[in-house]
Amino acid sequence: MRIGTLDVLDGVDIDLPAAGRTVVIGPNGAGKSTLLLALHGLVVPSTGVVERGPRLALVFQRPVMLRRSVRANVEHALKVAGAPAAERRRRADAALDDVGLAYAAARPARALSGGEQQRLAIARAQALEPDCLLLDEPTSSLDPAAGAAVERHLLALSARGTGLVLTTHDLAQARRVAQHVVMMHRGRVVESGDAAAFFAAPRTEGARRFLAGDWLD
């Protein structure tokens with residue numbers, strides 16, 4: 001995949017499980033966020049095909065809050081997705097309750113804290129009832145307490161059967177969350193596989209250097 005003259009995804013040929021928890025890691029500019037955008041269909045590969053089976057919903061690193069109430073943000077997403085009007089309020093309230101934001105349903109979304117906004121973004125995606133959530137650095141801009149709350153909620157979603165594919169720069173988080181790991185560098189997949197095996201004994205030199213904290217060429 002090219003943007004201008006730059007290859008941002010190059011020869012990526014990988015099957016990502018829609019179930020379980022997949023964590024995509026790699027240095028800045030590796031192509032992690034672009035991979036999520038391609039999976040969701042927001043960018044189209046210049047060559048090749050992205051095959052989509054399950055229903056996906058995407059949560060951005062810095063989600064945009066509409067200038068309306070917390071509940072109305074979720075209801076708007078449901079309206080765009082074609083949910084029947086009679087279901088929107090119920091599904092919005094259920095999602096807000098699940099992320100712990102029922103108390104803020106009538107508040108302006110833009111008045112929420114950063115952690116609350118990220119939980120609202122997850123509720124907005126969750127209300128669409130996807131098979132798998134795609135999350136781009138979902139805790140990177142949050143303080144430790146807010147980040148831990150988001151991570152706990154994602155693990156709870158996973159336990160209930162929602163698949164997760166998330167990117168992160170935080171290797172400690174990757175170790176906590178991942179069941180499957182994909183490591184990228186310069187738009188290519190360096191290594192992928194079972195998370196426990198990857199962190200215990202990565203197969204490739206690039207992965208070993210990255211986990212050791214070395215700069216990659």
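Me: Which elements each supply at least two residues of the lining of the second largest pocket?
Reply: Strand 4 (56–59), helix 2 (70–80) and helix 4 (114–126) each do. Helices (H or I, at least four residues) and strands (E, at least two) are DSSP runs, numbered from the N terminus. This is a predicted model, where local features need pLDDT of at least 70, side-chain atom pairs count only at pLDDT 80 or more, and totals for chains, interfaces and linings use all residues. Residues are numbered from 1 along each chain as its sequence is written, and side-chain values use heavy atoms, with hydrogens and water left out.

Me: Which element gives the largest share of that lining?
Reply: Strand 4, with four residues.

Me: And which residues lie nearest the pocket's centre?
Reply: L58, A77, R124, A125 and L128, out of 21 lining residues. On a 1 Å grid over the protein atoms alone, a pocket is an open set of points where a 1.4 Å probe fits, with protein on both sides within 12 Å along at least five of seven lines; lining residues have an atom within 4 Å of a point.

Me: How do the lining residues divide into nonpolar, polar and charged?
Reply: There are 16 nonpolar, two polar and three charged. Ala, Val, Leu, Ile, Met, Phe, Trp, Tyr, Cys and Pro count as nonpolar, Asp, Glu, Lys and Arg as charged, and the others, Gly among them, as polar.

Me: Changing topic. Is A174 buried or exposed?
Reply: A174 is buried, because its relative accessible area is 0%. Buried means under 20% and exposed over 50%, with partly exposed in between (1.4 Å probe, protein chains only). A174 sits in helix 6 (residues 171–177).

Me: What does A174 touch?
Reply: Leaving out residues up to four places away in sequence, A174 touches V23, I25, T168 and F199. Contact means heavy atoms within 4.5 Å.

Me: How far is the C-alpha of A174 from that of R21?
Reply: The two atoms are separated by 9.9 Å, and the residues are 153 apart along the chain.

Me: Now helix 1. Which of its residues are buried?
Reply: K32, T34, L35, L36, A38 and L39, in a helix that covers residues 32–40.

Me: What covers them?
Reply: The cover includes strand 3 (21–25), strand 4, strand 5 (132–136), strand 6 (163–167) and strand 7 (180–185). Just after helix 1, G41 takes a positive phi of about 95 degrees.

Me: And how many helices and strands are in the chain?
Reply: Eight helices and eight strands. Of the 217 residues, 46% count as buried.
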